Amino acid sequence: MRIYLIAGEPSGDLLGAALMQGLRELVPGVTFTGVGGPAMCAEGMESQFPMDELSVMGLAEVLPKYFHLKRRIRECAEAVLAQKPDLMITIDSPDFSLRVAKLVKAASDIRTVHYVAPTVWAWRPKRAGKMAKMIDHVLALFPFEPPYMEAAGMACDFVGHPVTTRPQATEAEAAAFRLHQGLGEAPVVLLLPGSRKGEVTRLAPVLGVVLDELRARYPDLRAVLPAAAPVASLVHDLVESWPVKPLILDPTGQDSAAFEATKRAAFRAADVAVAASGTVSLELAAAGTPMVIAYDMAPLTRFILKRMMLVDTVTLVNLVSDTRAVPEFLGENCRADLIAPAVAATLKNPGPQQQAMTLTMERLGRDGEAPGLRAARAVLARL
């Protein structure tokens, strides 16, 4: 069996590597070609070109590389058509992946699989119908996604979320983190303002005031802020004006594995988190850390999304658990005077969130078959 795969960013590279492991376990003679990162190359793929070329986000970043990316789209499609694999699997990065799939489908009947369903349940539902013209089968990360894809005419299987297989800190590691950082038995709030410059810049001033208001309620409160590498220096600059200084975990110059272990211990050690919206809510749920979600965006983006959203919550824990246990403060509601009382209430009564987080992890496949193997079974069953 021959399979052509495309991943365009680090998260997709990890999904692809796990899928390749699963496929090799079920079909020992399978061979792989395509585009991937270090994880997929470690599984035996020789990438057609460096995956980093596709890790481009934002209009300002894409425009200068527009013609280069168009050439890479054509090159990938030509490679697939020349190799005639048993199937092509594209992993996330829809702006690139689906353009390749469109060219492949226009010139052949090669089966196409896309791993990670688009968020049509949240906004732009017509994307599913457009996607069905070039994709035969979708592998979904969330259990509520298959009906949306199937309604558009594609086969779809829920295969579990990779967050359920990631290592978690033990109680002993969390206790060691508290001891090493001098946190003692104080209540600890984890601050997670995001990994992009814009979101960190907008959220940091709000978090500074939230922290100040919480310290008035909890005089011994401590705050820990694990900074994302791309914005670490910006985080240091922004917290200088805060009346209460957090402990910043800075990955700069550190061994990545050691930093990730420290970060996991911080997640487990925290009593509550204030986090930007996104998959971080699932990471917190996996660690068992109650949370409050806070997020703001540029005024024009806020205006557009507010009119396009199809759901009443963007927090994945709320969506997967079918509860509204996690408070969220978005857009004009991303205000310290609203967020701080919600954090205090969560500290006082974390029980409902703990139940929702446990349910979320169960529904995403915790303690079940690994998502990579489950995805491989789904791919082979639909051939």
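**Close-up 1. Asp92 in the loop between β3 and α5 (94–107)**. In this predicted model, Asp92 has a phi near 55°, a positive value in a residue other than glycine. Most residues other than glycine have a negative phi.

**Close-up 2. Lys84 in the loop between α4 (66–83) and β3 (87–91)**. The backbone of Lys84 also has a positive phi, near 50°, and Lys84 is likewise a residue other than glycine. With a relative accessible area of 56%, Lys84 is classed as exposed, because that class begins over 50%.

**Close-up 3. The second largest pocket, with a volume of about 200 Å³**. The lining of this pocket is made up of 14 residues, of which Glu171, Arg268, Ala269, Ala270 and Gly288 are the closest to its centre. By residue class, the lining of the second largest pocket divides into seven nonpolar, three polar and four charged residues.

**Close-up 4. Helices α8 (171–180) and α11 (256–269) at the lining of the second largest pocket**. Each of these two helices supplies at least two residues of the lining, and α8 gives the most, with four residues. Glu171, one of the residues closest to the centre of the pocket, falls within the range of α8 (171–180), while Arg268 and Ala269, also among the closest, fall within the range of α11 (256–269).

Terms used:
Residues are numbered from 1 along each chain as its sequence is written. This is a predicted model: local features need pLDDT of at least 70, side-chain atom pairs count only at pLDDT 80 or more; totals for chains, interfaces and linings use all residues. Side-chain values use heavy atoms; hydrogens and water are left out. On a 1 Å grid over the protein atoms alone, a cavity is a set of points where a 1.4 Å probe fits but cannot get out, and a pocket is an open set with protein on both sides within 12 Å along at least five of seven lines; lining residues have an atom within 4 Å of a point. Grid points are joined across faces, edges and corners, and a volume is the space filled by probe spheres set on the points. Ala, Val, Leu, Ile, Met, Phe, Trp, Tyr, Cys and Pro count as nonpolar, Asp, Glu, Lys and Arg as charged, and the others, Gly among them, as polar. Buried means under 20% relative accessible area, exposed over 50%, partly exposed in between (1.4 Å probe, protein chains only).
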